[in-house]
Amino acid sequence: MPTDRSDAREALIEAWGRAGAERVEIACGGGRGRTGTALACVAVLDGVPADAAVAYVRQYYDPRAVETAWQRRYVAHFPAL
């Protein structure tokens with residue numbers, strides 16, 4: 001879980017906003033857990049309902065993305081814009 005949820009949200013909003021005009025990369029060590037969580041949160045920002053965002057990322061990015069229960073909860077409670 002991010003130490004500061006507000007900072008994490010701001011960084012994801014910035015990445016989402018920049019993605020419309022430039023390439024944005026989101027990555028972690030394994031590329032599934034934290035990366036998938038961040039991608040699911042960006043999907044929420046882009047209009048995917050929070051309760052569908054994990055399934056969306058698993059369908060279009062990696063079937064094993066968003067690995068842990070706390071990551072799924074984080075996405076489920078991630079506020080849309």
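**Reading helix packing and buried residues**

Reader: In which helix is the place of T35?

Author: T35 has its place in helix α2. Helices here are DSSP runs of H or I with at least four residues, strands are E runs of at least two, and both are numbered from the N terminus. This is a predicted model, in which local features need pLDDT of at least 70 and side-chain atom pairs count only at pLDDT 80 or more, while totals for chains, interfaces and linings use all residues. Residues are numbered from 1 along each chain as its sequence is written, and side-chain values use heavy atoms, with hydrogens and water left out.

Reader: Does T35 count as buried or exposed?

Author: The label comes from relative accessible area: under 20% is buried, over 50% exposed, and in between partly exposed (1.4 Å probe, protein chains only). T35 has 2% relative accessibility, so T35 counts as buried.

Reader: Which backbone nitrogen does the side chain of T35 reach?

Author: A polar contact is a pair of N or O atoms within 3.5 Å; within protein, one must be able to donate a hydrogen and the other to accept it, and residues adjacent in sequence count only if both atoms are side-chain atoms. The side chain of T35 reaches the backbone nitrogen of C28 at 2.8 Å.

Reader: What does T35 touch, not counting residues up to four places away in sequence?

Author: Contact means heavy atoms within 4.5 Å. With that sequence limit, T35 touches I26, A27, C28 and Y61.

Reader: At what angle do α1 and α2 pack?

Author: Two packed helices are described by the angle between their axes and the distance between the axes. The axes are lines fitted to C-alpha atoms, for helices over the stretch in contact, and the angles run from 0 to 180 degrees between N-to-C directions. Helix α1 (residues 5-18) packs on α2 at about 65°, and their axes are 10 Å apart. That angle makes α1 roughly perpendicular to α2 (under 35 degrees counts as roughly parallel, over 145 as roughly antiparallel, 65 to 115 as roughly perpendicular, the rest as oblique). On the α1 side the contact is made by R9, L12, I13 and W16, and on the α2 side by A38, C41, V42 and L45. By class, these residues are seven nonpolar, no polar and one charged (Ala, Val, Leu, Ile, Met, Phe, Trp, Tyr, Cys and Pro are nonpolar; Asp, Glu, Lys and Arg are charged; the others, Gly among them, are polar).

Reader: With which residues is L45 in contact, leaving aside its neighbours within four places in sequence?

Author: L45 lies in helix α2 and, at 6% relative accessibility, counts as buried. Outside that sequence limit, L45 is in contact with R9, L12, I13, W16, F78, P79 and L81. R9 and L45 are 36 residues apart in sequence, with 9.9 Å in space from C-alpha to C-alpha.

Reader: At roughly what angle do the axes of α2 and α4 cross?

Author: The axes of α2 (residues 33-45) and α4 cross at roughly 15° and come within 9 Å. The two helices are therefore roughly parallel to each other. G33, R34, T37, A40, C41 and V44 in α2 meet Q71, Y74 and V75 in α4. This contact has five nonpolar, three polar and one charged residues.

Reader: Where is Q71 found, and what lies 2.8 Å from a polar atom of its side chain?

Author: Q71 is found in helix α4 (residues 69-76), and is buried, with a relative accessible area of 5%. The backbone nitrogen of E67 lies 2.8 Å from a polar atom of the Q71 side chain. Leaving aside neighbours within four places in sequence, Q71 is in contact with G33, R34, T37 and V66.

Reader: Where is the place of V66?

Author: V66 is in the loop between α3 and α4. At 0% relative accessibility, V66 counts as buried. V66 has a positive phi of about 60°, although it is not a glycine.

Reader: How do α3 and α4 pack, and at what angle?

Author: Helix α3 (residues 50-60) and α4 pack at about 125°, with axes 7 Å apart, and that makes α3 oblique to α4. A50, A53, V54 and R58 of α3 make the contact with R72, V75 and A76 of α4. Those residues divide into five nonpolar, no polar and two charged.
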